[in-house]
Amino acid sequence: MRTDVHRAWWVAAVTALVVVAAGACATTAGLLVTPMHREFGWSHGTIGIAVSANMVLYGLTAPFSAALVDRFGIRRTAVGALSLIAAGAAITTAVSAPWQLIAGWGVLVGIGCGGLATTFAATVAHRWFAARRGLVTGALTAATVVGQFAFLPVMSWVIDHFAWRSATVALALIALAAAPLAWSAFRDHPADLGLRPYGATAFEPKPRPEPGAARRTLRVLLDSARTGPFWLLAGTFAICGASTNGIMWTHFASAAHDHGMPTTIAASVLAVIGVVNVAGTVASGWLTDRFSPRLLLAGCYGLRGTSLLFLPSLLAPTVQPGMIAFAVLFGLLDVATVPPTIALCREIFGADGAIVFGWVSTAHQLGAGLVALGGGVARDLMGTYDAVWISAAALCAMGALLAATIRRTAVRTA
């Protein structure tokens with residue numbers, strides 16, 4: 001007997017491909033630092049400005065992703081964001097001055113990736129699924145991790161055997177290939193095709209666009225910013241971004257190269273961290289349901305800081321058992337901060353919790369951007385990244401203390 005696959009699953013599959021395509025840009029920048037430094041003579045700090053701009057604009061765009069979908073629809077938002085990514089990556093291949101790198105990689109790729117952030121995936125799952133919504137959201141979150149890390153060894157191989165421009169061309173082509181798939185598969189709502197959301201027992205008419213989505217996003221920011229828990233959550237997540245995207249994904253490959261490790265091997269270490277990320281995130285979600293998310297968050301930052309403290313002594317031309325242990329431990333802790341942070345946002349801010357998490361995620365990217373820039377400057381001044389790793393460990397210790405002080409009492413934001 002033939003059983004047709006509900007269109008929602010095809011939408012989810014294409015969404016995963018789109019998220020993977022966007023995620024590939026998130027960590028590839030770290031592989032470009034050393035070859036650009038060699039070719040142009042630009043300082044690590046100068047290249048870090050472009051990476052920092054990318055992360056900051058990603059963070060600033062992400063909270064408005066739902067508003068973009070509400071205003072322009074899923075198809076137009078996805079294709080527009082992919083087009084920005086492709087254009088930014090293409091411009092990067094032709095740069096000859098730092099400002100061009102900032103404009104291409106920093107601005108266009110940053111805004112494009114922000115438009116396809118977790119909020120976008122959650123919106124697709126909410127519209128197309130009445131059942132299995134949590135499963136789909138979790139799978140799309142995992143797709144983000146796959147995009148960030150699965151391409152690293154491949155891109156590193158391309159850079160080593162061809163040139164760094166070949167890697168950016170590949171990213172542009174990946175984004176361009178995903179765009180027509182998104183346009184053909186996506187519809188703004190199942191009702192556009194006369195379908196019910198997957199698992200729905202009755203037909204659901206397409207809702208009218210809710211006016212003022214962007215205004216509500218800003219209002220929630222202004223209201224929540226008047227509370228202490230918001231700043232504690234934002235502070236801890238800024239430290240999260242600083243100690244992951246800001247230092248690990250931007251500077252690890254360059255730091256490993258300083259110690260004689262080939263870039264392809266360094267990229268493979270990051271890929272291991274990415275694979276373990278999935279298990280760490282699932283385990284963190286399970287623990288969040290059973291233990292205090294505040295204490296779980298504090299434990300994650302404390303252990304992450306400890307691992308970073310030992311990293312300088314583990315860097316070597318080859319991968320030793322200590323480096324493998326670090327990759328596994330850091331991978332378990334990397335994205336493990338997300339479930340307890342989301343839980344705290346929901347418990348404290350109620351219905352506005354999702355939007356508050358969007359703004360807390362902006363702090364994550366701001367922290368990442370500052371350290372991406374600061375790490376490059378420190379490398380230029382001191383000739384080594386050792387002080388950067390120790391500083392990141394100290395920040396994580398501060399994050400553990402901040403997390404332990406978060407009060408879970410609900411607050412009014414309006």
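**Reading a chain of helices**

Visitor: How should I read helix H5, and which of its residues are buried?

Guide: The buried residues of H5 are Gln100, Leu101, Gly104, Trp105, Gly106, Val109, Gly110, Gly112, Cys113, Gly114 and Gly115. Buried stands for a relative accessible area under 20%, exposed for over 50%, and partly exposed for what lies in between, with a 1.4 Å probe and protein chains only. Helices (H or I, at least four residues) and strands (E, at least two) are DSSP runs numbered from the N terminus. Please keep in mind that this is a predicted model, in which local features need pLDDT of at least 70 and side-chain atom pairs count only at pLDDT 80 or more, while totals for chains, interfaces and linings use all residues. Residues are numbered from 1 along each chain as its sequence is written, and side-chain values use heavy atoms, with hydrogens and water left out.

Visitor: Against which helices do the buried residues of H5 pack?

Guide: Packing is read through contacts, meaning heavy atoms within 4.5 Å. The buried residues of H5 pack against H1, helix H2 (44-61), helix H3 (65-72), helix H4 (74-93), helix H6 (118-128) and helix H9 (164-185).

Visitor: How many residues does H5 have, and what length does it reach?

Guide: A helix is compared with its expected span, 1.5 Å times one less than its number of residues. Helix H5, residues 98-115, has 18 residues and reaches 24 Å from its first C-alpha to its last, close to the expected 26 Å. A bend is the angle between axes fitted to the seven residues ending at a position and the seven starting there, and H5 bends by about 25 degrees at Val109, one of its buried residues.

Visitor: What does the whole chain look like in terms of helices and strands?

Guide: The protein chain has 17 helices and 0 strands. Its radius of gyration, taken over C-alpha atoms, is 21 Å, close to the 22 Å that the globule rule gives for 414 residues, so the chain is as compact as a globular protein of that length; the rule itself is 2.2 Å times the number of residues to the power 0.38. The C-alpha atoms fill a box of roughly 65 × 45 × 45 Å along the principal axes, and buried residues make up 52% of the 414 residues. Among contacts with a separation of 6 or more, 84% join residues 24 or more positions apart.

Visitor: Which residues have the most contacts inside the largest nonpolar core?

Guide: A nonpolar core is a set of buried Ala, Val, Leu, Ile, Met, Phe, Trp, Tyr and Cys residues joined through side-chain atoms within 4.5 Å. The largest one here has 92 residues, and Met248, Phe252, Leu308 and Trp389 have the most contacts inside it. Helix H1, residues 7-40, supplies the largest share of this core, 16 residues. Apart from that core lies another, of 23 residues, including Phe237, Ala238, Ala363 and Ala403. Leaving aside residues up to four places away in sequence, Trp389 touches Ile247, Met248, Phe252, Ala255, Leu308, Leu311, Pro312 and Leu315.

Visitor: Where is Ala185 placed, and what does it touch?

Guide: Ala185 is in helix H9 and counts as buried because its relative accessibility is 10%. Beyond residues up to four places away in sequence, Ala185 touches Arg7, Val11 and Val14. The C-alpha atoms of Ala185 and Thr15 are separated by 9.0 Å, although these residues are 170 residues apart along the chain.

Visitor: Is Asn277 buried or exposed?

Guide: Asn277, found in helix H12 (residues 263-288), is buried, with a relative accessible area of 0%. With the same exclusion of residues up to four places away, Asn277 touches Val145, Phe149, Gly331, Asp334 and Val335.

Visitor: How many salt bridges are there?

Guide: A salt bridge is a side-chain nitrogen of Lys or Arg within 4 Å of a carboxyl oxygen of Asp or Glu, and by this rule the count comes to 4. One of them joins Glu39 and Arg165 at 2.7 Å, N to O; this pair links distant parts of the chain, Glu39 in helix H1 and Arg165 in helix H9, 126 residues apart. Glu39 is partly exposed at 41% relative accessibility, and Arg165 is partly exposed at 28%. Arg379 and Asp258 meet in a salt bridge of 2.8 Å, N to O. Arg379 lies in helix H16 (residues 353-382) and Asp258 in helix H11 (residues 228-258), so the pair ties together parts that are 121 residues apart in sequence. Asp223 forms a salt bridge with Arg226, the closest N and O atoms being 2.9 Å apart, and Arg219, Asp223 and Arg226 are linked in a network of salt bridges.
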